[in-house]
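Please walk through this structure step by step, from the whole chain down to single residues. Keep the sequence beside you as you read.

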Amino acid sequence: MALDRWIALVILMICLAYGYAAFFTMDAGLAPFMKRNPIWPSTFPKILSVLAVLTALTVLLGIERGAAEPKPMEINYRRLTEYKLGQALMLLALMVAYALLLRPFGFLLSTLAFLTIGSLILGERRLHILLPVAAIAAGLVWYLVQEVLGIFLSPWPAFMANGG
């Protein structure tokens, strides 16, 4: 079995466990007044798990590959050193750093740094375009989460938000 199908199988297992939690365990502790709401806290996880399971099954069963298309080159796991493994590992490390630094640095600074450094790792060198786009994206996401959804998301570093 090709590497993409193995990855799809692992993702399918994770999504099935996530879907089970979303459909059967998340809503058990809801307060009675919340059970009358049209949208519950588990609504998005339910939708996400169903879409992820369908996507993983599509890859696993090979439905995304048309019969007339030539077979693409498969990843040879014995020659991993020939791929851009360094970029992938740096991006994974950057994701971990982003998660760890989100509270101390605040959402805006962490997200701006993540988007900028991630783009630099992937090869973007036009900083005059990169920095404004990353700043607008971070600000827009913060605004949507904070103001539209009403979920508190600390925009500033911890030392500024706590008063020193």
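Of the protein's 164 residues, 19% count as buried. Keep in mind that this is a predicted model. The protein exposes about 12,100 Å². Carbon and sulfur atoms supply 73% of that area.

Next, the fold. The protein has six helices and zero strands. Its pattern along the sequence reads α-α-α-α-α-α. How far apart in sequence are the residues that touch? Take the contacts between residues at least 6 apart: 57% of them join residues at least 24 apart.

Now turn to helix H3 and helix H4. H3 covers residues 85–105, and H4 covers residues 107–122. Their axes lie 9 Å apart, and the helices pack at an angle of about 170 degrees. Angles over 145 degrees count as roughly antiparallel, so H3 is roughly antiparallel to H4. Which residues meet here? From H3 come Gln87, Met90, Leu91, Leu94, Met95, Tyr98, Leu101, Leu102 and Phe105. From H4 come Phe107, Leu109, Ser110, Thr111, Phe114, Ile117, Gly118, Ile121 and Leu122. By class, this contact of H3 with H4 has 14 nonpolar residues, four polar ones and no charged ones.

H4 also packs on helix H5, which spans residues 127–148. The axes of H4 and H5 come within 9 Å and cross at roughly 140 degrees. On the H4 side, the residues are Phe107, Leu108, Thr111, Leu112, Leu115, Thr116, Ser119 and Leu120. They meet a set in H5 that includes Leu127, Leu130, Leu131, Ala134, Val141 and Trp142. Ala135, Ala137, Ala138 and Gly139 also belong to the H5 side. By class, the contact of H4 with H5 has 14 nonpolar, four polar and no charged residues.

Is Ala99 buried or exposed? Its relative accessibility is 55%. The cut-off for exposed is over 50%, so Ala99 counts as exposed. Ala99 and Thr111 are twelve residues apart along the chain. Their C-alpha atoms are separated by 9.9 Å.

Definitions and conventions: Residues are numbered from 1 along each chain as its sequence is written. This is a predicted model: local features need pLDDT of at least 70, side-chain atom pairs count only at pLDDT 80 or more; totals for chains, interfaces and linings use all residues. Side-chain values use heavy atoms; hydrogens and water are left out. Helices (H or I, at least four residues) and strands (E, at least two) are DSSP runs, numbered from the N terminus. Buried means under 20% relative accessible area, exposed over 50%, partly exposed in between (1.4 Å probe, protein chains only). Contact means heavy atoms within 4.5 Å. Accessible areas come from the Shrake-Rupley method with a 1.4 Å probe; for residues, only the protein chains shown count as cover. Axes are lines fitted to C-alpha atoms, for helices over the stretch in contact, and angles run from 0 to 180 degrees between N-to-C directions. Ala, Val, Leu, Ile, Met, Phe, Trp, Tyr, Cys and Pro count as nonpolar, Asp, Glu, Lys and Arg as charged, and the others, Gly among them, as polar. Angles under 35 degrees count as roughly parallel, over 145 as roughly antiparallel, 65 to 115 as roughly perpendicular and the rest as oblique.
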